[in-house]
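Student: I would like to learn how to read a strand and its surroundings. Please take me through one.

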Amino acid sequence: MKKKLRIGILFGGRSGEHEVSLLSAASVLKAIDKKKYEVVPIAITKQGHWLRDDHATALLTTTPETLSLAASADIEVAAAPAALGVDVIFPVLHGTFGEDGTIQGLFELADIAYVGSGVLGSAAGMDKAIMKQLFHAAGLPQTPYIALTRTQWRTDAKRCTKTIEQALQYPIFVKPANLGSSVGISKVHNRAELAPAMDLAASFDRRLVIEQGVGGPGVKPRELEVAVLGNETPEASVVGEIVPDREFYDYDSKYSATSTSDPVIPAALTAAESKQIRAMAIAAFQACDCAGLARVDFLMEPKTRGKKAAIYLNEINTMPGFTSISMYPKLWGATGVNYKTLIDRLIQLAIERHKEKQQTQFTKQ
Ligand SMILES: Nc1ncnc2c1ncn2[C@@H]1O[C@H](COP(=O)(O)OP(=O)(O)O)[C@@H](O)[C@H]1O
Ligand SMILES: [Mg+2]
């Protein structure tokens, strides 16, 4: 009998999206084909300890605070990926230290195949300022924006305010360049709201991105999302739409139990709009050198008198929410790829990418 592939499912992590990762991982662990794969659960606690097997799955049902960490279960981090003897790692990790290229660097050093984007794609997809530059270079439409450092803001707020108001019109969105789940993001309606928003974003990152609000005063943009799958020849799913139940798609609207922000799949669009958005999603994926999977998010300005509908790229997520009912798997479900098959495809893509990379010569000889 052929030896089963050993798949390390890595989850938890030190980011603010630890809990989201546990939910995604629980779904993957439930759905993955155990006849085909030998599954090795690996958890990273909020404090950064690595646990495996039963100690790891305990994290799915126990809070990190109540979990007593058996010393023997704590794997030496740097040696961990190699010591686990897995063939492929599926990092079901969102946000800082999971989706930003750092852990991908560890897999590269250990020479292990892994699901998703590499170091560069992950880092670019996590950083809204860099991502925007790559989108711009690829000719992709975006709402007007500027990037500032928190040092600039803290040393001369007056000058920054002037720069912002010269370039953009209220309402504007202020964001930390790195992060996710809308943490640290504010919608700013006027000058009085600007400073608190900048201070908040500055507490989360060194660099800040300030964008013109799509939709304009009192008008919400449509929020459209596309799932992309593949390596060198990525494919795009049908387009889905989120209808946030608040003024914008903030943290509560994303995760609160009382939120009624439901996805509409497929989104009501013309065939031409949908075609354009899917092509833009693939271009965005390639602009950031992504691999495996990514969810690409758009903001659409509704048609108003005298102005036609405008579609802007908002952001790319290299490890989007991955529970069986998350947008990414749902979009593929609606495109004819079920959850179990999706996991298979991602593992296959990880192996293909690792093989492709082995063709690279690292020295002259
Ligand atoms: N320029 C903008 N115009 C209108 N709404 C925006 C804009 N930027 C962000 N938003 C709103 O804020 C939400 C979160 O912003 P986003 O850039 O996607 O951050 P995150 O990476 O945290 O998801 C969006 O889904 C949207 O509801
Ligand atoms: Mg977003």
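**Reading strand 4**

Tutor: This is a predicted model. Strand 4 is covered on both faces: Val88, Phe90 and Val92 are buried on one side, and Ile89 and Pro91 are buried on the other.

Student: Why do the residues of a strand fall into two sets?

Tutor: In a regular strand, side chains alternate between the two faces of the sheet. In strand 4, residues 88-92, five of the five residues are buried.

Student: Which strands are joined to strand 4 by bridges?

Tutor: Strand 1 (residues 5-12) runs parallel to strand 4 and is joined to it by five bridges. There, Phe11 has Val92 as its bridge partner in strand 4. Strand 5 (residues 113-114) is also parallel to strand 4, with two bridges. Here Val88 is partnered with Ala113.

Student: What do strand 4, helix 4 and strand 5 make?

Tutor: Together with helix 4 (residues 102-110), strands 4 and 5 form a β-α-β unit, and the unit is right-handed.

Student: Which residues have the most contacts inside the largest nonpolar core?

Tutor: They are Ile9, Phe11, Phe90, Phe322 and Leu346, in a core of 39 residues. Helix 13 (residues 339-357) gives the most to this core, eight residues.

Student: What is Ile9 in contact with, leaving aside its neighbours within four places in sequence?

Tutor: Its contacts include Val28, Leu29, Ile32, Phe90 and Val92. Apart from this core lies another, of 24 residues, among them Val226, Val239, Met280 and Phe298.

Conventions:
Residues numbered from 1 in each chain as written. Chains lettered and ligands numbered in written order. Predicted model: local features only at pLDDT ≥ 70, side-chain atom pairs only at ≥ 80, totals over all residues. Heavy atoms only, no water. Buried < 20%, exposed > 50% of the residue type's maximum accessible area, 1.4 Å probe, protein only. Helix = DSSP H or I, 4+ residues; strand = E, 2+ residues; numbered from the N terminus. Pairing = 2+ DSSP bridges. Right-handed = clockwise from strand over helix to strand, strands pointing away. Core = buried A, V, L, I, M, F, W, Y, C linked by side-chain atoms within 4.5 Å. Contact = heavy atoms within 4.5 Å.
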